[in-house]
Number of protein chains: 2
Amino acid sequence: MASCIDSSSPAIDPARRRALVPESLLMEGVNVRISARKGETKGPTSALAPSYLQANLIVLPSGYADDFTRFCQRNPVPCPLIAKSATVGSYNALVSWIEGVTGEELATDIDIRTDAPKYMVYKDGELVGDQINDIKTYWTDDHVAFLIGCSYSFEDALKTGGLMPRHSRQRRNVPMYKTNISLCPAGAFDRGTYIVSMRPYRKDQIERVREITRPYLATHGEPIAWGWEAVAQLGIKDINKPDWGDRSVDDEGCNLEPARGHGDELVPVFWGCGVTPQYAVMSAGLKGVVMGHAPGHMLVLDCRDDDLLRNRFERGKNWHTRHRFLNIQFDDEIACWAEPSGMIAQRTNVYSCIVNSTCVSVSNATWLKWLNVDPLSSNSFRRSNHSKAFTSL
Amino acid sequence: MASCIDSSSPAIDPARRRALVPESLLMEGVNVRISARKGETKGPTSALAPSYLQANLIVLPSGYADDFTRFCQRNPVPCPLIAKSATVGSYNALVSWIEGVTGEELATDIDIRTDAPKYMVYKDGELVGDQINDIKTYWTDDHVAFLIGCSYSFEDALKTGGLMPRHSRQRRNVPMYKTNISLCPAGAFDRGTYIVSMRPYRKDQIERVREITRPYLATHGEPIAWGWEAVAQLGIKDINKPDWGDRSVDDEGCNLEPARGHGDELVPVFWGCGVTPQYAVMSAGLKGVVMGHAPGHMLVLDCRDDDLLRNRFERGKNWHTRHRFLNIQFDDEIACWAEPSGMIAQRTNVYSCIVNSTCVSVSNATWLKWLNVDPLSSNSFRRSNHSKAFTSL
């Protein structure tokens, strides 16, 4: 069971790996996929295609697909569904579940059966394919693929924010723990508890750590618990004995331990972990052939970390996923114009736009007023007496 | 805090209430809203506008809106977000969060400030308006309204399925309990645990009860736990002492108790409960004016129970929320045609359609083939040699 879990080996040195692979592989997700498809990339994907989203892969018989979809919907923090097969049996087209990102933006030119470097295959719960190069012979017209978020993205964001996770700096694997927090069941997936990953921070850093990771809804988002009291609350018996990954140590190799009175001690901070859905799937006693990527050998996508932040907290404004937007601040109101069509949703009298990564809305009347300005020329907005600012996403 | 909780009084006899209100009020959600707006409907909404969705209302200062949205996204089972104000300050336009249902379908002609029969108002956590008729004087341009699902819908579905909840049959309130299951924090909403409602069933009924309630994702969906072992697992000390509502009793008024060896005993079944978000909001120590409906005095919508089942488990197919669909089974493939525009999303080579409440997809090539048949005439499909069945949603 644990063998199906995404826990990149601590032996992988990203810098060394980067030196060993052609520069082209470092550039884009699609290069990694094609290289894996050709059998050229066989190792873990850590450090390949930096900033491109890497996903956990779970492939199920279609009879379990609705249950698993609902399971992810009911447990979005540990089981963030990024995408699934566009149709039953489809290995080369995805439907995106990331708000504001289309399936095509997630990945075009993808073959789920070949584009991860290594796979695991289970039949009626028994391992029948271990670290194999592709799953073409196992894939059937009845299979559905699910892509689940992993936390690489917010780790990069933490690093950028000056809060690089200690395990990354030490080139160790993140510690992961089983907890006592029940998952909400959905059909066949009726058991299991949250798995959490842990990154220690000083108490005075936690608010900032929460802020940085909060927007990454598609890759676990902000922590679910923090501080020493959270250890007992989550039912973790020994913080120095993680269930997967490496224990957290300070730069002298000493264990993390409760406050020693210096005020600058590190406390554990826990996030939902992508091992959760894999563990739940393996625990569900499914019949038939279930497949996944081999640990660390992820599916690399075309979508980038920043794309995860496109979530606007708005639904029903379907057009904002289809257009590039120009955002204009206009007196105290804010407007946007969609390219290339210039069309805005017709059946509503409220329009939304995106400013500073937040979706706001203006009334129909406001739009009609703005339409008197030539909307296809952004300069006409920029030059207008009324405009204060102009940004292009 | 508990005073803000939606727990209809057990003293309300739906049959009697129904006899007291004009027949027109029993027909549509909009009638209830307009009647409440005029001050004619002042009592609880139980039994009004049968089958129309009733929603919990939470109104927050805009500074908390993103955090609360994320809080609902991270805890969708106990905190199912149905809709929110279309813009900051908007009390008469909603954005829908129910997949496949637009804001306009949820409610047109709505004034959130007046359309619930009674409201509660809190300022800096202190109750300043108790069971008041409207919130016009408290509402500001800085307020955002959130509508949260309640479990009426799946209770009707259980009744239709021959599994009427015992509390409904006995005209008692459903028992509700605090649990030890932590909510995933989001920004200011960083504390609180699941509240659950409980309906007892025989063990051999539980699978069917799960099946019936499973699709109602917007109103808590299937149970989160069941059986006597779940009582301890959820940290409930005494099943006969609920934190809100009435204890569950058999027809002789006896308490629910663990198996007495007859094999037909009832066991507790627990669902996520809409009290959870209200309790979490009241616990968050918010500054400013927070408002909600008074217990049992819900906001009644235009959307009906069955509309909740429109969730297709598909995302990124934005067009399916905007069109009425004709569904056509076509040889072994299935197609749909969107009215009124006839337009299908252009930027994808996979198209979805809805058959028997499930979203399926066909390839671009299949669509192109079908486009040779006149797509605007559904009869041309129906009469076609290739068509087997035709259904209109």
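Biologist: Which residue in strand 3 of chain A does A:Lys84 stand opposite?

Modeller: We are looking at a predicted model, where local features need pLDDT of at least 70, side-chain atom pairs count only at pLDDT 80 or more, and totals for chains, interfaces and linings use all residues. Residues are numbered from 1 along each chain as its sequence is written, chains are lettered from A and ligands numbered from 1 in the order in which they are written, and side-chain values use heavy atoms, without hydrogens and water. Strand 2 (residues 81-85) and strand 3 (residues 94-96) of chain A run antiparallel, joined by three bridges (strands, E, at least two residues, and helices, H or I, at least four, are DSSP runs numbered from the N terminus; two strands pair if DSSP finds at least two bridges between them). In strand 3 of chain A, the residue opposite A:Lys84 is A:Val95.

Biologist: And which residue of strand 6 of chain A is the bridge partner of A:Ala83?

Modeller: Strand 2 of chain A also runs antiparallel to strand 6 (residues 143-149) of chain A, with three bridges between them. There, A:Ala83 has as its bridge partner A:Leu147.

Biologist: How many of the five residues of strand 2 of chain A are buried?

Modeller: Buried means under 20% relative accessible area, exposed over 50%, and partly exposed in between (1.4 Å probe, protein chains only). Strand 2 of chain A is largely enclosed by the rest of the structure, because its buried residues number five of the five.

Biologist: Moving to chain B, which strands stand at the edges of the open sheet there?

Modeller: Four strands of chain B make this sheet, in the order 7-8-10-9, with antiparallel pairing. An edge strand has a single partner, so one side of it is left without a neighbour in the sheet; here that holds for strand 7 (176-182) and strand 9 (225-226).

Biologist: How many bridges pair strand 8 with strand 10 in chain B?

Modeller: Strand 8 covers residues 193-202 and strand 10 covers residues 266-272, and they pair in the antiparallel sense. One spot to look at is B:Val196, which stands opposite B:Gly272. The number of bridges is seven.

Biologist: At what angle do helix 5 and helix 7 of chain B pack?

Modeller: Axes are lines fitted to C-alpha atoms, for helices over the stretch in contact, and angles run from 0 to 180 degrees between N-to-C directions. Contact means heavy atoms within 4.5 Å, and residues making it include B:Phe154 of helix 5 and B:Val209 of helix 7 of chain B. Helix 5 (residues 152-160) and helix 7 of chain B have axes 9 Å apart, and their angle is about 130°.

Biologist: Why is that pair called oblique?

Modeller: Angles under 35 degrees count as roughly parallel, over 145 as roughly antiparallel and 65 to 115 as roughly perpendicular, with the rest oblique. The angle of about 130° therefore makes helix 5 of chain B, relative to helix 7 of chain B, oblique.

Biologist: How many residues does the largest nonpolar core have?

Modeller: A nonpolar core is a set of buried Ala, Val, Leu, Ile, Met, Phe, Trp, Tyr and Cys residues joined through side-chain atoms within 4.5 Å. Among those with the most contacts inside the largest one are A:Phe68 and B:Phe68. Its number of residues is 129.

Biologist: How many residues of helix 3 of chain B are buried?

Modeller: Helix 3 (residues 65-74) of chain B is mostly covered, and its buried residues include B:Phe68 and B:Phe71. Its cover includes strand 1 and helix 9 (275-283) of chain B.
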